[in-house]
Structure formats: structure tokens, C-alpha cells
Amino acid sequence: MRTIYVELPQGGYPIHIGSGLFNQLPSFIDDLGWKGRGRLMVVSDSIVSPLYQERVVRFLEEAGYTVSSVTFSAGEHSKSAATLEKLTGECIQAGLDRKGAILALGGGVTGDLAGFLAASYMRGLPYIQLPTTLLAHDSSVGGKVGINHPLGKNMIGAFHQPSLVVFDTDTLTSLPRREVISGFAEVIKHALIYDESFARWLLDHHAPLNDLHPEYIAEAIAKGCQVKADVVAKDEREQGLRAILNYGHTIGHALEALSNYTYTHGEAIAIGMVGESLLGEKLGTARNVLGYTKELLQAFSLPTTFTGPWTDESLLETMRRDKKARGGSLTFVLPKGIGKVLIQHDVEEEAVLDVLQELRGGVV
């Protein structure tokens, strides 16, 4: 087992990564001093629930915890106000009070949704992240929680840090191949923004990583979580440095929204990182980054261009509504080199349109 600690001014939390960790979940919760605290509510989606929810609930009940569970329909569409209202009602009916806590068991959608439920229910309950996807190694750390609005992704949310993150890597073996590939995008992102040696390590070991070799995959998750923990510790509420974690997300979120999420989050972010590395080279922030970015993404079978019926202008309009935009002006995270990025405000829209044209045309 590998353990990373997120250091925060108001108290941090551990991230445990390894095989068979759900079996140890009660002891991890005991370490929080929650024994006898109150009811635990396990939230998972309709895909994860049949796989792990019953087992997690059983482990906790056998250890003396009072546990309820609730399931919602799997998919990005469930990150909505309607689903939040439904889950809130389930919590009320189960008798969850201010001494209770919420456990988010699943991927990024579950973590964001259940985390926001914890942030808003009775003005805030503690919660635990139990990620079951590779992609969720990013979203489960850092306390960004929220839901989508029809006009934009993650437009409604809060900063609400978990009390604990437990990543049982055994869950990755049950994922469809496309989800595994998608998850590598955020791992690669962490390397490209912060740690050149990590980026080189990923490319050197892409074969065992693609095969989900337990030792290598645990190391990759730990390295990615360490980057996230370092950045969050320095800028918990995204006043500056933490914005670098949005690398690839300005273009990526627009692609997700306009494709109605037919592009997975990881696929969209991969394309976004190619676009933003190309934009960086056009604007002169970096040289010789685009080729390496493409090589690394392609080593993990991630896309580097897109197709779709929407126009480049509609993508641009969606980007103007992005949370990172200021007064309608576009903000991007751009590369300075492998493992180094900067935040660029007021990026000219013509340059962005040129990049989108190349991404769509398959030139990149």
C-alpha cells in the first residue's frame, strides 16, 4: 500500500492506494475517530453498485457501523440538480443527520455528485472518496465537487475536502477498456504540467501500464496523486497555481458539452491538451512540446484530433462560458516545456479558431 498525505491549512487527509483496500476500509474509518459517530450513506451509480456496494456495506456493518446506501443512474447526465434533489430525499428518508457521513463509491461523476451532496446536505457533512476508476484518481483528490448545468459543465459546485481517499486498485480490472484508456489522460496531464521525469517514466513504461500491471499502475496513480496533492496544498481554492490542473480542460470541456458527452472526459482532455500545446507553440510560450504530447497520448491509445457536427464557432462560444474565462475573454493553461505550464489570460480568439481548425482537420 502507498499512502500520500494532502497537507492543508485546516487539516489534511490521507490517500491510500493499493490492492484489496476495501477490506481494510473499516480500520481506515476507525482511524478518523468515526466509530459510533452516526449513519454512513454509501452513494454509487447503477454500474458500480452491483460490483462493490454490497461488499463495502457488509464490511462496514460487520465492523459495527450503521450504513445505508443509494444508487443513481450511471452517466454524466446524472450530474444534475434533479439527481442531487433525489439523493437529498434519500438521505432524509434514511435518517442521515449531522453526525453522519457520505461515502462516494465510484468514478468521477459519483465523486463530484456525492461530494456536492455532502457539501450541501444540512450545510455540510464529512465524506470519503472511494474511487473505482483510473480517471477518478484526479477528481477524488482536492475537494472540487459539483454538478453540471445545461449551459456548462461543473457550473454549480463547491470546495469541500474529503476526510479520506481509499483507492482499491483491484477495481480497475472491472473497467471497460475505453474507460481505462480515458483514465490515463489525467495521469498524463499531471506529468505534463508538473513533472518531466514522470512524463518520461510514463512513456518508458506504457506497455505494462496499458496492461494494468499492478505494481506499475499503483506507482502511476501515486505519482499522479502526489502532483495533485502538492498543487492543492499550495492553492486549495484555485486562486492561482491550482488553475494549472485545468490543462486541456478549456477545449476539453467544450468538446464534452457539444458532443453531449459522447467523448469521454479523458478523450476530450487528451484532445484539449494537444490543442493547448499547439496553441502554446503558435503563441510562442513553448517549442517542441506538441510532438512529445502526441507521442505520449498515442502510446495510451488516446485521440489527438476530433470530428463532430458542431462548428468551431460554437466550440468557441462554449469556451467563453467556461469558469476560467474572465469577462468573456479566454484563459488557457499553456505549456512552457514538458512538465512546466503557465496561465495565459486574454488569448486571441483567432488563434484559438486556427487551432480548432487544425484539430478538426486531422493536421495535428
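Author: Helix H6 (residues 177–194) packs with H7 at an angle of about 140°, their axes 6 Å apart. That angle makes H6 oblique to H7. This is a predicted model, where local features need pLDDT of at least 70 and side-chain atom pairs count only at pLDDT 80 or more, while totals for chains, interfaces and linings use all residues. Residues are numbered from 1 along each chain as its sequence is written, and side-chain values use heavy atoms, with hydrogens and water left out.

Reader: Which residues of H6 and H7 make the contact?

Author: From H6, Val187, Ile188, His190, Ala191, Leu192 and Tyr194; from H7, Glu196, Phe198, Ala199 and Leu202. Contact means heavy atoms within 4.5 Å. By class the contact of H6 with H7 has eight nonpolar, one polar and one charged residues. Nonpolar covers Ala, Val, Leu, Ile, Met, Phe, Trp, Tyr, Cys and Pro, charged covers Asp, Glu, Lys and Arg, and the others, Gly among them, are polar.

Reader: Terms, please: how are helices, axes and angle classes set?

Author: Helices (H or I, at least four residues) and strands (E, at least two) are DSSP runs numbered from the N terminus. Axes are lines fitted to C-alpha atoms, for helices over the stretch in contact, and angles run from 0 to 180 degrees between N-to-C directions. Under 35 degrees is roughly parallel, over 145 roughly antiparallel, 65 to 115 roughly perpendicular, and the rest oblique.

Reader: And H7 with H12, at what angle do the axes cross?

Author: Roughly 45°, with the axes of H7 (residues 196–204) and H12 (residues 290–299) coming within 9 Å. H7 and H12 are therefore oblique to each other. Ala199, Arg200, Leu202 and Leu203 in H7 meet Tyr292, Glu295, Leu296 and Ala299 in H12. Those residues divide into six nonpolar, no polar and two charged.

Reader: Switching to the second largest pocket. What is its volume?

Author: About 280 Å³. The lining of the second largest pocket has 23 residues, with Leu151, Gly152, Lys153, Ala257 and Tyr261 nearest its centre. A pocket is an open set of points on a 1 Å grid over the protein atoms alone, where a 1.4 Å probe fits, with protein on both sides within 12 Å along at least five of seven lines; lining residues have an atom within 4 Å of a point. Points are joined across faces, edges and corners, and volume is the space filled by probe spheres set on them.

Reader: Which element gives the largest share of that lining?

Author: H10, with five residues.

Reader: How does H10 pack with H13?

Author: At about 115°, with their axes 9 Å apart. H10 and H13 are therefore roughly perpendicular to each other.
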